[in-house]
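We'll walk through it a piece at a time, charge pairs to begin with.

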2 protein chains.
Amino acid sequence: MRNVAILGVGMTHFGRLEDDDIIDILSSASIRAIDDAGIDSKEIQAIYVANMGAGIMNHQTAIASALADNIALLPAAADTIENGPASGASAIKNGVLAVASGYFDFVLVVGGEKMRGVSGWRATDFVATLTHPYAEYIYGVTLPGMAGMFANLYMEKYGYTQRHLAMVAIKNHRNGMLNPYAHVQMDITMEGILDSPHSVVNNSPVATPLNLFDCCPVTDGGAAVILCPEERVREFGKPIVRVAGFGQATDTHTLAERDDPTDLKAVTLACKQAYERAGITPQDISFAELHDAFTILEIAEAEHSGLFEKGEYKKALEAGEVEITGRLPINPSGGLKSRGHPVGATGVAQVVEATLQLRGEGGLRQIRNAEIGLTVNFGGFGNNVVALVLRRVS
Amino acid sequence: MRNVAILGVGMTHFGRLEDDDIIDILSSASIRAIDDAGIDSKEIQAIYVANMGAGIMNHQTAIASALADNIALLPAAADTIENGPASGASAIKNGVLAVASGYFDFVLVVGGEKMRGVSGWRATDFVATLTHPYAEYIYGVTLPGMAGMFANLYMEKYGYTQRHLAMVAIKNHRNGMLNPYAHVQMDITMEGILDSPHSVVNNSPVATPLNLFDCCPVTDGGAAVILCPEERVREFGKPIVRVAGFGQATDTHTLAERDDPTDLKAVTLACKQAYERAGITPQDISFAELHDAFTILEIAEAEHSGLFEKGEYKKALEAGEVEITGRLPINPSGGLKSRGHPVGATGVAQVVEATLQLRGEGGLRQIRNAEIGLTVNFGGFGNNVVALVLRRVS
């Protein structure tokens with residue numbers, strides 16, 4: 001198998017993209033990645049589109065084919081990859097396999113979602129289509145609901161409070177204000193979160209103990225990368241960012257069937273696979289982009305990925321260790337919490353951020369000594385998790 | 001890159017599967033393929049699910065994760081692949097890349113669709129979500145409508161009549177009657193098609209010149225294969241069926257933008273790629289499973305794949321050359337016309353049939369001297385086509 005590297009990255013602004021349809025969003029991100037790679041688009045032989053909801057929310061299918069035509073990539077091969085909110089990283093994994101196999105040299109992976117064209121409850125209902133249809137969905141279980149139940153258990157077991165959740169939100173909003181692509185550009189304070197009526201919706205929490213500022217927004221957006229064999233990157237005068245390892249693991253569909261619902265086994269296993277393939281340990285990681293669709297998930301993923309011991313992330317939050325300026329920055333992009341969560345785009349956007357950081361192109365949010373980045377893309381409620389390790393190769 | 005072979009195959013009956021939901025359908029096909037392979041299911045490291053419409057028709061997403069849990073394949077990696085009606089062959093291609101890369105040894109690819117739970121017009125509307133949203137869909141263009149327009153042009157250009165279309169339908173129904181998995185088990189006659197009121201719907205054609213018997217049915221069903229490195233097949237005492245080549249090509253989204261709307265460039269190119277990778281020419285093919293969602297498509301694909309010259313398929317039909325007993329059997333399974341077309345399953349079902357034929361397990365429809373099989377899975381209206389060449393390796 002060949003080493004696979006990232007030749008180019010691109011993103012749309014994440015937010016309300018009212019004038020763009022799903023194909024526009026995918027096209028914009030793709031063109032930016034192609035431009036960044038400095039490649040003639042005729043070189044692109046295969047396309048992977050990550051998307052979860054075009055059928056349900058946009059009443060459109062076969063969007064990979066539509067994209068290929070719209071940005072003149074015909075006759076490249078084109079498929080759509082869906083793995084719930086982890087569609088993005090799954091698509092990158094498949095792009096990596098396509099290049100690693102030797103069959104394809106230049107592959108475009110682009111994730112995108114157009115979610116804000118549907119009303120708020122429909123967006124929540126759409127995401128809930130990943131829950132178990134008979135054991136969860138029909139009882140009205142939503143992702144915020146699952147996250148609330150999970151948060152109660154996790155906080156009790158490991159001694160977390162709402163103050164710790166708020167620290168995650170404050171950090172990620174602060175980081176997001178340094179990220180021109182981020183959706184929510186808003187500084188928030190501990191008082192604002194814990195004491196303000198604006199932290200609840202219609203005078204009630206989103207899902208106890210999670211309030212408004214514990215939840216990511218509903219976002220439109222796209223993100224793209226160009227993959228190629230590592231030995232080809234130098235031709236383009238680019239720094240080499242290798243996809244050094246990937247991991248993917250599934251777990252029970254329902255939370256209720258897990259022996260310990262606070263144990264995110266798929267996160268642990270996906271990260272372990274990624275570390276092994278990359279030949280590293282968690283101690284080698286310089287920074288991570290974690291899937292903080294809810295603040296509790298940043299905490300739980302940081303502790304299941306091996307970056308921190310269980311229950312120890314709170315100390316890192318309190319000590320500022322996971323700030324951009326800290327020892328191990330977590331979500332320098334602002335994470336899903338601030339950058340936003342166009343579901344199909346998120347896993348790709350995480351890799352875009354990691355690539356920028358590893359290249360030293362992180363702008364105002366650039367971290368120091370970025371050598372190895374981890375991304376965790378959390379599908380379902382932890383029932384299909386994809387982890388990627390990216391490494392700068394000098 | 002490693003050679004990849006098919007270790008096991010399995011299918012559900014195609015038809016009305018009223019008691020099964022989409023996960024049941026995928027599960028049944030998968031279990032049959034695992035049983036046929038004779039493999040311990042714990043060996044399966046990755047799953048690709050081919051599906052187009054679970055979001056729209058079944059209001060369910062992330063079905064690959066649900067399947068992994070339902071048939072106890074945790075923690076295998078699991079993704080869904082969507083490429084319109086060519087989702088099945090796209091998923092097989094991605095399974096092949098996963099094995100060829102060296103990262104995965106045993107991969108389950110399963111396609112399935114649950115379509116009959118929605119009313120007839122909704123099934124047609126669902127498939128129409130692959131058309132161009134502004135140039136086609138909003139004007140009420142459907143797939144039968146596109147096929148009708150295409151048929152008029154193709155028949156005029158190459159001298160085909162409705163009698164030739166009927167010969168395709170009659171052959172494929174006859175073959176389907178020998179296939180226990182086929183949906184429509186009904187002998188039809190030239191008189192019945194050309195003269196009977198039953199050949200039209202509500203006293204009118206489906207889409208001139210296509211009548212009822214020119215169109216595939218709306219079908220529920222699933223089909224699955226187990227892929228592995230070729231060198232591992234002998235451990236299981238199985239005949240070796242190699243995925244010798246694949247090809248995939250995209251074309252313009254709309255028919256109207258093609259210089260010659262009768263020229264299915266993506267079929268020609270996908271087949272050419274597959275032949276080149278397999279190191280063969282069209283003259284080496286023993287039989288083919290073509291994507292006859294409409295009778296005209298069997299004719300057009302046979303002539304764009306290089307198996308026949310343009311306009312020459314009618315002679316083969318008239319001479320019986322493409323019957324099961326003929327020189328070059330086309331659609332021995334009964335094709336989409338008789339076996340049915342659960343869209344996500346079709347490309348996988350074509351490979352199941354090709355594998356059975358190459359193993360000599362075709363039962364009453366077994367063809368003679370099956371050495372190399374071609375499958376053509378036609379996505380969109382020819383805007384994303386995947387071709388596969390399967391070869392028996394002695």
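Over all chains, the salt-bridge count comes to 38, where a salt bridge is a side-chain nitrogen of Lys or Arg within 4 Å of a carboxyl oxygen of Asp or Glu. Side chains of opposite charge can pair when their charged atoms come close. Before we go on, bear in mind that this is a predicted model, in which local features need pLDDT of at least 70, side-chain atom pairs count only at pLDDT 80 or more, and totals for chains, interfaces and linings use all residues. Residues are numbered from 1 along each chain as its sequence is written, chains are lettered from A and ligands numbered from 1 in the order in which they are written, and side-chain values use heavy atoms, with hydrogens and water left out.

For one of these pairs, find A:K171 and A:E298, whose closest N and O atoms are 2.8 Å apart. This pair links distant parts of the chain: A:K171 is in helix α7 (residues 162–176) of chain A and A:E298 is in helix α10 (residues 295–304) of chain A, 127 residues apart. Helices here (H or I, at least four residues) and strands (E, at least two) are DSSP runs, numbered from the N terminus.

Now look at where the two chains meet. The rule finds two salt bridges across the interface of chain B and chain A. B:K93 and A:D79 are joined by a salt bridge through their side chains, at 2.8 Å from N to O. In all, 54 residues of chain B touch 54 residues of chain A, contact meaning heavy atoms within 4.5 Å. Between them the chains bury about 4,600 Å², with 54% of it on carbon and sulfur atoms; buried area is the accessible area (1.4 Å probe) that two parts lose on being put together, summed over both. Which residues of chain B lose the most area to chain A? They are B:H59, B:T61 and B:Y103, together 14% of what that side buries.

On to the helix packing. Two packed helices are described by the angle between their axes and the distance between the axes. Axes are lines fitted to C-alpha atoms, for helices over the stretch in contact, and angles run from 0 to 180 degrees between N-to-C directions.

Stay in chain A and go back to α10(A). Helix α6 (residues 143–158) of chain A packs with α10(A) at about 55 degrees, their axes 10 Å apart. The two are therefore oblique to each other: angles under 35 degrees count as roughly parallel, over 145 as roughly antiparallel, 65 to 115 as roughly perpendicular and the rest as oblique. The crossing of α6(A) and α10(A) is left-handed, which is the label if the near helix is turned anticlockwise from the far one by less than a right angle, and right-handed if clockwise. Among the residues making this contact are A:F150 and A:Y154 of α6(A) and A:I296 and A:L297 of α10(A). By class, the contact has nine nonpolar, one polar and one charged residues, with Ala, Val, Leu, Ile, Met, Phe, Trp, Tyr, Cys and Pro counted as nonpolar, Asp, Glu, Lys and Arg as charged, and the others, Gly among them, as polar.

Over in chain B, the axes of helix α4 (residues 87–100) and helix α13 (residues 343–359) come within 5 Å and cross at roughly 60 degrees. That makes α4(B) oblique to α13(B). Here B:S87, B:G88, B:A89 and B:I92 in α4(B) meet B:G344, B:G347, B:V348 and B:V351 in α13(B). Sorted by class, that gives four nonpolar, four polar and no charged residues.

Last, a look at the backbone. Most residues other than glycine have a negative phi, and most peptide bonds are trans. A:A62, not a glycine, has a positive phi of about 55 degrees, and A:A62 sits in the loop between α2 (54–58) and α3 (63–70) of chain A. The peptide bond from A:T208 to A:P209 is cis, with omega near 5 degrees.
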